[in-house]
Amino acid sequence: MKKKYARITGTGSAAPDNILTNADLEKMVDTTDDWITSRTGIKERRIAPDGMAASDYAYQASLKAMEMAGITAGEIDLIILATVTPDAPLPSTACILQDKLGAVNAAVVDIVAACSGFIYGLSFARALIMTGQHDKILVIGVETLSRIVNWKDRNTCVLFGDGAGAAIVTAADQPGGILDTYIKADGSLAHLLQVPAGGGRQPITPEIVGNGARYIQMEGPDVFKSAVKAMGEAATKLIEKTGIDSNNISLMIPHQANIRIIEATARRIKLPMDRVFVNIQKYGNTSAASIPIALDEANRNGLIKPGDNVMLVAFGAGFTWGSALIEW
Ligand SMILES: CC(C)(COP(=O)(O)OP(=O)(O)OC[C@H]1O[C@@H](n2cnc3c(N)ncnc32)[C@H](O)[C@@H]1OP(=O)(O)O)[C@@H](O)C(=O)NCCC(=O)NCCS
C-alpha cells in the first residue's frame, strides 16, 4: 500500500455574537477587569444564547472549513467531534452534526478529552488516514461551556467561553501535513478540574441542582502548575520526536487557558512570543474549541504559509495533554 500523509486542507470557526466583557462580570460577581486581565489575559468571551447548542456552532465552523477545502458534505468519510458540552447526553453531537451537514457517507463519533480534545482528534485522524482507513475527516472542537459554568463562582466563571473550530484532514501522497502527534493523560488528577454531577455516579436530583455540583469545579493554582508542566512536556517531546526545534517552528498555537501558562510554555521551548498565537483576550478558555478557533484565525489572517512548521499544544481536565506538529 502506498504511504499516505494527512494534510489540513481547510479550517473554519464560529462563535456566538453575544459578548460578555469583564465589565459585565464586575456586575455579576466580586471581581474586577484588572484582576481578570492581569491573572489570565482575558478581556471578553462569547456566550451562546438560549436555544443554541454545540452542534449549531460546529455546523457553522464545519461549513467554512469545507468551503476552504473545496469539498462537499458527501465526501466526508469520518466526523470526529471533541466536546465536553454536547447538545444532549444521547446521541452524540457528531450524529446531530452529520444530519445538519448531510454528511451521509461519514462514520461519526464524539470524543471527550476536554481542552486537549482537538489534539486527540487530530491524532486519531492522522493515524486513520495513514493506515488507509479514511480519506477525508472532519475534526471539530466545540463547546458551550457557559452551560456548565457556575455564574456565582468567581474562581471559574471569569475564565470560560463558547465557540467552535473545525479542520478538514485529507489524505495526500506528498510528505508533509500532520508530521507527528503526542497525547497523554493522568486520570489520578481528575478531581482537580471536574463537573462531579450529571452522570451515573451523581445523577441530577433536586439536591444536586441546588448545590452546584453540576457545574465546573476547579483547584485553580494546582491546575495552573500541572498545565505549565504538561504543556512544556508536550511541546518538548514533539521537538525531540521530530527533530524540529524552536528555530524551525514558525508559529505555536497553544490552548488559550491563561496568558501566563502560554508564556511559560513558550519560554520552556525558547520560542519568542512573536511566534506564539494568542486570542485569549477575545474568547477566554473555550476548551476543545480554543486551538481550532485560533488555528483558523491564524490561517485566515495569513500568519501560516505553505511549508511553515506549526506546533499545537494543549492541556485540559482529566488531566489530558498533547501536541501536534504540522508542516503546512
Ligand atoms: C484561576 C487562576 C487565574 C487564579 O490565578 P492565581 O494567580 O492562581 O490566583 P490565586 O489562586 O492566587 O488567587 C488569588 C485570590 O484571588 C481570588 N480570586 C479568584 N478569582 C477571582 C476573581 N475572578 N476576581 C477577583 N479575585 C479572584 C481568590 O479567591 C484568591 O483570594 P484569596 O487569596 O483571598 O483566597 C489561575 O490559577 C489559573 O489560571 N489556573 C488554571 C486555570 C485553567 O487554566 N483551567 C483550565 C485548564 S484547561
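## The four-stranded sheet

In this predicted model, 4 strands form an open sheet in the order β8-β13-β12-β11, with mixed pairing. Strands are DSSP runs of E of at least two residues, numbered, like the helices, from the N terminus, and two of them pair if DSSP finds at least two bridges between them. Because β8 (177-185) and β11 (251-254) each have a single partner strand, they stand at the edges, and one side of each is left without a neighbour in the sheet. From one strand to the next, the twist averages 10°; axes are lines fitted to C-alpha atoms, for helices over the stretch in contact, and angles run from 0 to 180 degrees between N-to-C directions.

## Pairing and helix packing

Strand β12 (residues 309-316) pairs with β11 in the parallel sense over 4 bridges. The bridge partner of L251 in β12 is V310.

Helix α8 (residues 220-242), a DSSP run of H or I of at least four residues, packs on the sheet and touches β8, β11, β12 and β13 (320-327). Contact requires C-beta atoms, placed from the backbone, within 7 Å. The direction of α8 makes about 35° with that of β13.

## The chain as a whole

The chain contains 11 helices and 13 strands. Its C-alpha atoms fill a box of roughly 60 × 45 × 35 Å along the principal axes. Of the contacts with a separation of 6 or more, 78% join residues 24 or more positions apart. Among the 328 residues, 50% count as buried, that is, with 20 or more other C-beta atoms within 10 Å of their own.

## Basis of the description

Residues are numbered from 1 along each chain as its sequence is written. Local features need pLDDT of at least 70 and side-chain atom pairs count only at pLDDT 80 or more, whereas totals for chains, interfaces and linings use all residues.

Methods:
Contact = placed C-beta atoms within 7 Å. Buried ≥ 20, exposed ≤ 12 C-beta atoms within 10 Å, placed from the backbone.
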